[in-house]
Amino acid sequence: MPATIGMGGRWGDEGKGKLTDALAGKAGMVVRANGGANAGHTVETNQGVFKLHLVPSGILNPSCVCVVGSGVVIDLAKLLREMDDLESRDISLANLRIAERAHVVMPYHPQLDRLEEEIRADDEIGTTRTGNGPAYSDKVARRGIRLADLMDPATLRRKVESTVKEKNALLAGVYGEAPIDSDALIASLQAAGERLRPHVVPAEVVVQDALAEGNDVILECAQGAMLDVDYGTYPFVTSSSPTAAGACQGAGVAPLQVRRVLGVYKAYSTRVGSGPLPTELHNDAGHIIRERGREYGTTTGRPRRTGWFDAVAARHIARLNGVSDIALTLLDVLDTFEEIDVCVGYRIGDRVIDYMPARDDELARVEPVYETVPGWLADTTSARTAADLPAGARAYIRFLEERVGAPVSLVGVGPSREQLVQLMPGML
Ligand code: GDP
Ligand code: IMO
Ligand code: MG
């Protein structure tokens with residue numbers, strides 16, 4: 001059975017957690033592919049609300065094997081806390097696997113994340129300060145510590161002592177911070193490693209075996225593809241690749257093993273942190289979207305910036321990632337609008353373009369070109385089939401399909417597990 005990728009269509013928080021949970025009901029395995037504790041994935045079931053940061057969103061389905069993939073960076077204390085929280089709510093972790101190739105977010109990474117942001121001052125990226133960027137930087141610079149290193153005390157000591165020397169030169173020498181005590185650090189890493197040992201596996205082997213045995217495997221991305229380090233709004237991006245290609249790399253799955261790329265898109269736009277959001281609203285409509293959509297960060301609690309659906313960004317992502325179908329989430333948030341705007345082009349001076357410019361100066365000057373469509377002024381939260389959706393909502397979905405260039409197969413009409421409408425081709 002080939003794999004399915006579930007990826008965020010724009011700036012994150014599109015409802016990937018809920019969608020992964022829904023797909024996991026029928027899948028044998030979910031592999032989290034990228035990111036770290038910067039992610040916050042919400043799943044609402046009759047057991048309550050779960051906010052997952054590192055554990056894959058399939059964990060609430062008892063038969064699903066959940067793998068924290070090689071492409072993830074792991075804050076050990078946060079992972080252990082999340083595991084304890086889940087167990088205290090009677091969620092079994094028997095099926096949790098953790099890639100030995102995954103890198104560790106060391107205690108100095110969140111510290112460096114904060115220090116780097118403070119130095120950027122007005123140019124700050126608005127990171128989650130979880131150490132995600134510094135951890136990926138160290139991975140690429142080939143001085144990262146991996147879960148595998150925690151499994152052997154001699155290797156761990158050798159690597160930590162070498163990296164701490166360099167980090168102390170930076171922290172104490174450049175930033176004037178207290179130096180790291182490597183013995184205490186090694187002891188705490190070892191203790192965390194021992195707790196995680198029963199879960200640590202060669203994930204790429206486990207994933208490939210699951211595919212070979214005919215299991216449906218879901219690749220769960222964190223963040224959204226507009227935060228991709230290559231094709232997002234650089235430098236206001238995350239430090240991994242929340243894309244279909246990145247999902248393959250992070251999960252240990254080959255491109256030709258993928259059958260479906262499900263792009264999870266909000267029915268409007270949001271973003272947390274700094275950087276361009278061409279359709280951003282600073283008016284009542286933006287406020288209504290924030291309050292109706294409960295648009296406050298799952299990880300940091302920051303209010304999310306809100307705006308109308310940006311079909312230029314959405315199409316850019318759909319094309320680059322080969323999005324086969326769309327999960328359109330939070331449609332219910334738009335239930336009260338008489339009219340809804342959709343951005344169909346970017347005006348820069350006297351030109352109108354339909355692609356994402358790479359130049360900062362151009363992105364900063366982009367004025368959205370809107371098409372206005374009628375709203376439906378009806379409650380969609382109890383819709384469960386295409387026929388339950390108001391005609392105006394169906395017309396809005398068709399309009400987005402045309403503009404983005406991919407069919408909508410799932411529609412989110414509320415936060416809970418069952419508030420999902422499945423669409424078949426031609427149903428609208
Ligand atoms: P993720 O990071 O992509 O998993 O998304 P988050 O969990 O950070 O943010 C999505 C928020 O929207 C969460 O609070 C979800 O419970 C909620 N949500 C997901 N789908 C829907 C939907 O269709 N309608 C509404 N009203 N809320 C939704
Ligand atoms: P999920 O998986 C929304 C944003 C941060 C910041 C930028 C860089 O829940 O969709 P980082 O800490 O990654 O170095 O911050 O990326 N960001 C997210 N925004 N959802 C996320 O994850 C995000 N993860 C990072 O706000 O703008
Ligand atoms: Mg989130």
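Tutor: Two residues are in contact when heavy atoms of theirs lie within 4.5 Å. The model is a predicted one. By that contact criterion, 28 residues of domain 1 touch 21 residues of domain 2.

The domains themselves are assigned as follows: domain 1 takes in 3–89 + 203–422, and domain 2 takes in 103–198. Their centres, taken over C-alpha atoms, are 29 Å apart. Between them the two domains bury about 1,900 Å², and carbon and sulfur atoms account for 59% of that area. On the side of domain 1, the residues that lose the most area to domain 2 are Val73, Leu76 and Leu80, which together make up 32% of what that side buries.

The polar part of the interface can be listed too. There are 11 residue pairs in polar contact across it, with both residues at pLDDT 80 or more. In terms of secondary structure, β6 (73–74) and α2 (76–88) each supply at least two residues of the domain 1 side that touches domain 2. The largest share of that side comes from α2, with 6 residues. The count of salt bridges between domain 1 and domain 2 is 1. Asp84 and Arg195 meet through their side chains in a salt bridge, with N to O at 2.9 Å.

For the surroundings, start with the salt bridges of the whole structure, where a search finds 30. One of them joins Arg129 and Glu124, whose closest N and O atoms are 3.7 Å apart. Arg129 is partly exposed, at a relative accessible area of 35%, and Glu124 is partly exposed as well, at 30%.

Another salt bridge pairs Glu362 with Arg351, the closest N and O atoms being 2.9 Å apart. This pair links distant parts of the chain, since Glu362 sits in helix α12 (residues 360–365) and Arg351 in strand β17 (residues 351–353), 11 residues apart. Glu362 also meets Arg359 in a salt bridge, at 3.8 Å from N to O. Glu362 counts as buried because its relative accessibility is 12%, under the 20% limit. Elsewhere, salt bridges that share partners join Asp13, Lys266, Glu295 and Arg304 into one network.

Asp13 belongs to the loop between β1 (3–8) and α1 (16–24), and Gly40 to the loop between β2 (29–32) and β3 (41–45), so the pair links parts of the chain 27 residues apart. Gly40 counts as buried, with 10% relative accessibility.

Two further residues complete the picture. Thr20 is in helix α1 and counts as buried at 4% relative accessibility. Apart from neighbours within four places in sequence, Thr20 is in contact with Val30, Ser57, Gly58 and Glu220. Asn61 lies in the loop between β4 (48–52) and β5 (65–68) and counts as buried at 11% relative accessibility. Leaving out residues up to four places away in sequence, Asn61 touches Asp21, Ala24, Gly25 and Arg417.

Terms used:
Residues numbered from 1 in each chain as written. Chains lettered and ligands numbered in written order. Predicted model: local features only at pLDDT ≥ 70, side-chain atom pairs only at ≥ 80, totals over all residues. Heavy atoms only, no water. Helix = DSSP H or I, 4+ residues; strand = E, 2+ residues; numbered from the N terminus. Buried < 20%, exposed > 50% of the residue type's maximum accessible area, 1.4 Å probe, protein only. Domains from an automatic or database assignment. Buried area = accessible area lost by both parts, 1.4 Å probe. Salt bridge = Lys/Arg side-chain N within 4 Å of Asp/Glu carboxyl O. Polar contact = N/O pair within 3.5 Å; in protein donor to acceptor, adjacent residues only side chain to side chain.
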